[in-house]
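Biologist: Please put the model up, and then we can go through its helices, cores and pockets.

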Amino acid sequence: MDIAGFSEKLNDWLAHAALPIWRDKGFDPSSGGFVETIDMVGQPTRTNRRSRVQPRQVYCFAEAGRRGWPGDWQSVAQAGIAYFDRVYLQPSGFYGALADADGNLIDPSFDLYNQAFALLSFAYLATVFPDRKAEMILRSNALREKLEAHCKHPSIGFEEDNPPRLPLCSNPHMHLFEACLASEEVEGFDTVAWTNLADEIAALCMDHFIDAETGALREFFDHDWSPMPGDKGRIVEPGHQFEWAWLLLRWGERRGNADALVKARRLFEIGEQYGIAQPRDVAVMTLLDDFSVADPIARLWPQTEWLKAAIRFAALTRGEERERYLRSSVRAATALARFLDTPVKGLWRDKQKADGSFVDEPAPASSFYHILCAVYELDDCLKRL
């Protein structure tokens, strides 16, 4: 199948299977929140709910609505953010980490990662609900300012918490970067503040997260942004090579920054050359900094990030180089399609073992954000092509 064929198939699956089942079974009308998982017979589970799932699902339905999905996205997007506020919002202005299925907060701890997704959801809610835009502008500014007051790193980027704890992590910065790129595009948002923060995170990534020698992006850092000592500092995730490549391409194109495009290309090369297990042809979870495989499990989300990065590179290149990225995007879409082959259409597998078999477990709601973004990115880039 060519990449246009995959796009058509994925769009059909998203509109007619995934969005309907996650709207109907993935939303809990009794509590007003999104469920954590749906089992393989299509029923919601009563698992504890991570706070990040709520704004991620809000994003999914807001973006589906923005793009014309005819289902009832409005009520779940509105109810989802109300539940997120009611259950997780702390007196500090930050969101806690975990609640039970009945909506009782069981872990109020701070995680920069969760705040980043709150910010992403505010940007999308402001876009699709014009009557709430003024509210979302205020909330977005307030949360950004609270983060800067609470855990700004003395040199660049953010601490993990206040008081500081180690290791410092690139991953929450990646999602904060994504929230910045979304927020700077929303009319009425504080464009200067969001643009400055996006530029700061891009600089942190290019100067510290990405190893100057190998071009690989690391996960864990000491307080001075040098790699964390020991094996922790050696971890390189193929999925994050692709995801950061995609973000740097977006930022680099907006800013006319050639260095970002060069670094993104190298990140993609590393992910593709070392992170794709054969003969499975899937992106695995973890490498070490010598590019040896540390964890051969393949999860769903790195396949979506491989697809997003490959198709955006195809849209930005020409000739044989474009053809190469198109071939890579077909491989990524083929890998993703295997994870979407489930007994109940609209669900997904999360983990593939080294022998090619899938772990038999419920589908996690948290993956929807990755899948939906990849399907729409494929649409957008094919239109550019």
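Biologist: Which elements do the buried residues of helix 9 pack against?

Modeller: This is a predicted model. In helix 9, the buried residues are Ala 260, Ala 264, Leu 267, Phe 268, Ile 270, Gly 271 and Glu 272. They pack against helix 7 (191-209), helix 8, strand 9 (276-277), helix 10 (300-316) and helix 11 (319-339).

Biologist: How many Å apart are the end C-alpha atoms of helix 9, and what span should its residues give?

Modeller: Helix 9 covers residues 258-274, which is 17 residues. At 1.5 Å a residue, helix 9 should span 24 Å. That agrees with the model, where its end C-alpha atoms are 25 Å apart.

Biologist: Which element gives the most residues to the largest nonpolar core?

Modeller: The largest nonpolar core has 126 residues. Trp 22, Phe 61, Phe 177 and Phe 368 have the most contacts inside this core. With 13 residues, the element that gives the most to it is helix 4.

Biologist: Which residues does Phe 368 touch, leaving out those up to four places away in sequence?

Modeller: Phe 368 is one of the residues with the most contacts inside the largest nonpolar core. Two others named with it, Trp 22 and Phe 61, are also touched by Phe 368.

Biologist: Which elements give two or more residues to the lining of the largest pocket?

Modeller: The largest pocket holds about 550 Å³ of space. Of its 22 lining residues, Arg 66, Tyr 124, Glu 185, Arg 250 and Arg 254 lie nearest the centre. The elements giving two or more residues to this lining are helix 2 (53-66), helix 4 (112-128), helix 6 (171-183), helix 8 (238-255) and helix 12 (368-384).

Biologist: How many residues of that lining are charged?

Modeller: The lining of the largest pocket includes 10 nonpolar residues and 1 polar residue. The charged residues number 11.

Biologist: Which helix gives the most to the lining of the second largest pocket?

Modeller: The second largest pocket has a volume of about 420 Å³, and Arg 52, Tyr 113, Asn 171, Arg 299 and Trp 301 lie nearest its centre. Helix 6 and helix 8 each supply at least two residues of its lining. With 3 residues, the one that gives the most is helix 6.

Note on methods
Residues are numbered from 1 along each chain as its sequence is written. This is a predicted model: local features need pLDDT of at least 70, side-chain atom pairs count only at pLDDT 80 or more; totals for chains, interfaces and linings use all residues. Side-chain values use heavy atoms; hydrogens and water are left out. On a 1 Å grid over the protein atoms alone, a cavity is a set of points where a 1.4 Å probe fits but cannot get out, and a pocket is an open set with protein on both sides within 12 Å along at least five of seven lines; lining residues have an atom within 4 Å of a point. Grid points are joined across faces, edges and corners, and a volume is the space filled by probe spheres set on the points. Helices (H or I, at least four residues) and strands (E, at least two) are DSSP runs, numbered from the N terminus. Ala, Val, Leu, Ile, Met, Phe, Trp, Tyr, Cys and Pro count as nonpolar, Asp, Glu, Lys and Arg as charged, and the others, Gly among them, as polar. A nonpolar core is a set of buried Ala, Val, Leu, Ile, Met, Phe, Trp, Tyr and Cys residues joined through side-chain atoms within 4.5 Å. Buried means under 20% relative accessible area, exposed over 50%, partly exposed in between (1.4 Å probe, protein chains only). Contact means heavy atoms within 4.5 Å. The expected span of a helix is 1.5 Å times one less than its number of residues.
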